[in-house]
Amino acid sequence: MNRYEQLADRLRSDIRAGLYPPGQRLPSVRRIALQQGLSIATCISAYRKLEAQGWLEARPQSGFYARTPEALPPRACQTCDDESPGEVTMSERVAQVMRASHRDDLLVFSTAIPHADFLPVKDIRASLGRALRADDAGSARYGEFIGEEALRVQIARRAVDSGCQIHPDDIVITTGCQEALTLALRATTQPGDVVAIESPAFFGTLQLIESLGLKALEIPTDAQTGLSPDALELALEKWPVKACLACTSFSNPSGALMPDAHKRRIVQMLSSRGIALIEDDIYGELAHDGERPRVAKAWDRTGHVLLCSSFSKTLAPGLRIGWIVAGRWRREVERLKYGSTMATALLPQRALADYLASGRPERHMARIRRQYAEQMERMQTAIARHFPPGTRCTRPAGGFILWVELPEHIDALALQSRALAAGISIAPGPLFSPQGKYRNCIRLMCAVRWDARVDTALASLGSLASR
């Protein structure tokens, strides 16, 4: 932990303990720097962090004053009832959200794409430059269809932190995590088959299920612990499930982190029935406390877990580099990959391999984990301040997504329309359910550049929700 963070933690504890009651002026930056033996810059950073989190109020020409931030919203707990499998028709709704996300006149909370401030843009640019300079006519040919070996080696090394021992040859590089999930579903299912999914589920997953002609079976999900093993077991006894697709760590949109015991049980439950678990681990490296959760694949002894991920949420969305470890479906996934796209673009793979080998990613990841935790607390505080009474909100321990439950009478689709007219893009709850559930819920993305415009937009959104 940096010195400014240590100081911020001490001052926060003092405020909580009543040493600085609300309205009490704290020591000046210069004075506390002398008291603590720290630089003025370090103390300013600590004060600014506490101000952003709502623990301090800066008064011009006066100093910093203690305050108690508004209580965070109650924890969200919404899930779905037990349902039967159904067809998915999400494409047009999703297209509307994605079109809005590219409008420069909107403040976008609707997508899960981090702002460039949270990405190592300069380092990735430097790695791309090195890849181009070292190009041995690679741009004039296709790469190996399973992906560049140097990149696969780096991914295998990083997998150790998630509890997996993976050989580089078991990895197939894909064009983002979406292609990895596509290959996994194509390898394990046929049109008309039933796929068990979390509820709420990422709308990109639902769109994929729709495009493949599959049926989605929503499984009740806890906002903190994720997909319910008990509910899944009951569903398996009732329906002919061919695959289960779940984001086991910091799920989108709930932010849930599945406990190790649940991961182990689900892996055993599915493998004993010969059913594939397609594990989306795209947010797994974004634990706010830095303790990387183990993937469900760590308990796979029979090859029934297909592990999918990418670098889109951590390093470089624009490079579109993902991967899949397909277990017993490895040969089928390789065949499908070659038959669909032949190979993933070569130069982005080489650039990413260069960056991963540089040692810089560890420093970058440590930084953004702290930043995402701060951003999430800021937004939770703003929701408590501005949104109508009765609003509930998730408390994820990782990632940068919040799921917000509004009072039951509020229609999220109507709110989405009003918000767009006010220059704000949000993702309404029905997008995250094939049955159109969660009509009083919205998903908000926290990885935005925080400024006065963001706080004003959240205040406006809360006002619109209160109408």
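In what order do the 4 strands of the open sheet stand? The legends below take up this point after an overview.

**Figure 1. Overview of the predicted model.** This is a predicted model, in which local features need pLDDT of at least 70 and side-chain atom pairs count only at pLDDT 80 or more, while totals for chains, interfaces and linings use all residues. Residues are numbered from 1 along each chain as its sequence is written, and side-chain values use heavy atoms, with hydrogens and water left out. The protein has 15 helices and 16 strands, where helices (H or I, at least four residues) and strands (E, at least two) are DSSP runs numbered from the N terminus. Of its 467 residues, 56% count as buried, a term that means under 20% relative accessible area, with exposed meaning over 50% and partly exposed lying in between (1.4 Å probe, protein chains only). Among contacts (heavy atoms within 4.5 Å) between residues at least 6 apart in sequence, 74% join residues at least 24 apart.

**Figure 2. The open sheet of strands E12, E13, E16 and E15.** These 4 strands follow the order E12-E13-E16-E15 with antiparallel pairing; two strands pair if DSSP finds at least two bridges between them. Strand E12 (392-393) and strand E15 (427-428) stand at the edges, and because each has a single partner strand, one side of each is left without a neighbour in the sheet. Strand E15 is joined by 2 bridges to strand E16 (residues 441-445), the two running antiparallel, and Pro-428 stands opposite Ile-442 in E16.

Figure 3. Strand E5 pairs with strand E6 (residues 215-222) in the parallel sense, over 6 bridges, and Ile-197 is found opposite Glu-218 in E6.

**Figure 4. Side chains of strand E4 and the pairing with E11.** From strand E4 (residues 171-174), Ile-171 and Ile-173 point one way, whereas Val-172 and Thr-174 point the other way, and all are buried. Strand E4 pairs with strand E11 (residues 322-325) in the antiparallel sense, with 4 bridges between them, and the bridge partner of Val-172 in E11 is Ile-324.
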